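Here are my notes for you to read alongside the model. Keep the structure open and find each residue as it comes up.

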Amino acid sequence: MANTVMFCILAVVILGSALMCVTTKRIMRAATFMLFVLFGVAGLYFLLDYTYLGAAQISVYAGGVTMIYVFAIQLVSKRTLQGMVERLKGSRIVAGALLSVVGLLLVVLVFLKNKFFSLMHAENDVEVPMSAIGQALVGSEKYQYVLPFEFISIFLLACIIGALVVSRKAEED
């Protein structure tokens, strides 16, 4: 019962913060709401007794949001940060809603094609041990994820260097 109540609280925090993140007009508020979403997801990991994934979620993604704060402050002037407002157009809202519905239908179609819903209700509930998850995350064999992690780290490093180059050009002008 307590797990269900905690899940409901975390779900409300995650969904509410995600909605506020995409609808707010200020960059710092959006980053703060995104931080709440990431902490809520970490809470779900802790609720499932996946402490390693919860700690990784907090350390990696909370650190990433801190970087967003730093670059938002560096790349945007103080006056702009205080009064940054974007007008919402009806056509953009309709296009975003349409794309969201298309994405949802695509995910449901993939689930149905792969018989995900029938596998979800199967009687053979097998719990995957944490050692198998850890080996899949850092292993280099087939269906393991060390190579995608390395590509993502190189991509993020390129983004950081690009942001520094852009901020240096702004200082020179």
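Predicted model: local features only at pLDDT ≥ 70, side-chain atom pairs only at ≥ 80, totals over all residues.

1. Residues are numbered from 1 along each chain as its sequence is written, and side-chain values use heavy atoms, with hydrogens and water left out.

2. Have a look at the largest pocket, which holds about 690 Å³ of space. Here a pocket is an open set of points on a 1 Å grid over the protein atoms alone, where a 1.4 Å probe fits, with protein on both sides within 12 Å along at least five of seven lines. The volume is the space filled by probe spheres set on the points.

3. What lines the largest pocket? There are 22 lining residues, and Val60, Tyr61, Gly64, Ile152 and Leu156 lie nearest the centre; a lining residue has an atom within 4 Å of a point. Helices H2 (27-47), H3 (51-75), H7 (130-138) and H8 (146-172) each give at least two residues to the lining, and H3 has the largest share, with 11. A helix is a DSSP run (H or I) of at least four residues, numbered from the N terminus.

4. The lining has 19 nonpolar residues, three polar and no charged. Nonpolar covers Ala, Val, Leu, Ile, Met, Phe, Trp, Tyr, Cys and Pro; charged covers Asp, Glu, Lys and Arg; the others, Gly among them, are polar.

5. Now find Gln57 in helix H3. Is Gln57 buried or exposed? Gln57 counts as buried because its relative accessible area is 8% (buried is under 20%, exposed over 50%, partly exposed in between, with a 1.4 Å probe and protein chains only). A polar atom of the Gln57 side chain lies 3.4 Å from the backbone oxygen of Leu38. Beyond neighbours within four places in sequence, Gln57 is in contact (heavy atoms within 4.5 Å) with Leu38, Val41, Ala42, Tyr45 and Ala62.

6. Asp49 sits in the loop between H2 and H3. Its phi is near 65°, a positive value in a residue other than glycine. Asp49 is exposed, at 63% relative accessibility.

7. Finally, the count of aromatic pairs comes to one. The ring centres of Phe33 and Phe36 are 6.4 Å apart and the planes are at 65°, so the pair is edge-to-face. Rings of Phe, Tyr and Trp (its six-membered ring) pair if their centres lie within 6.5 Å; planes under 30 degrees apart are stacked, over 60 edge-to-face, and the rest tilted. Phe33 and Phe36 are three residues apart in helix H2, so about one helical turn separates them.

Terms used: Polar contact = N/O pair within 3.5 Å; in protein donor to acceptor, adjacent residues only side chain to side chain.
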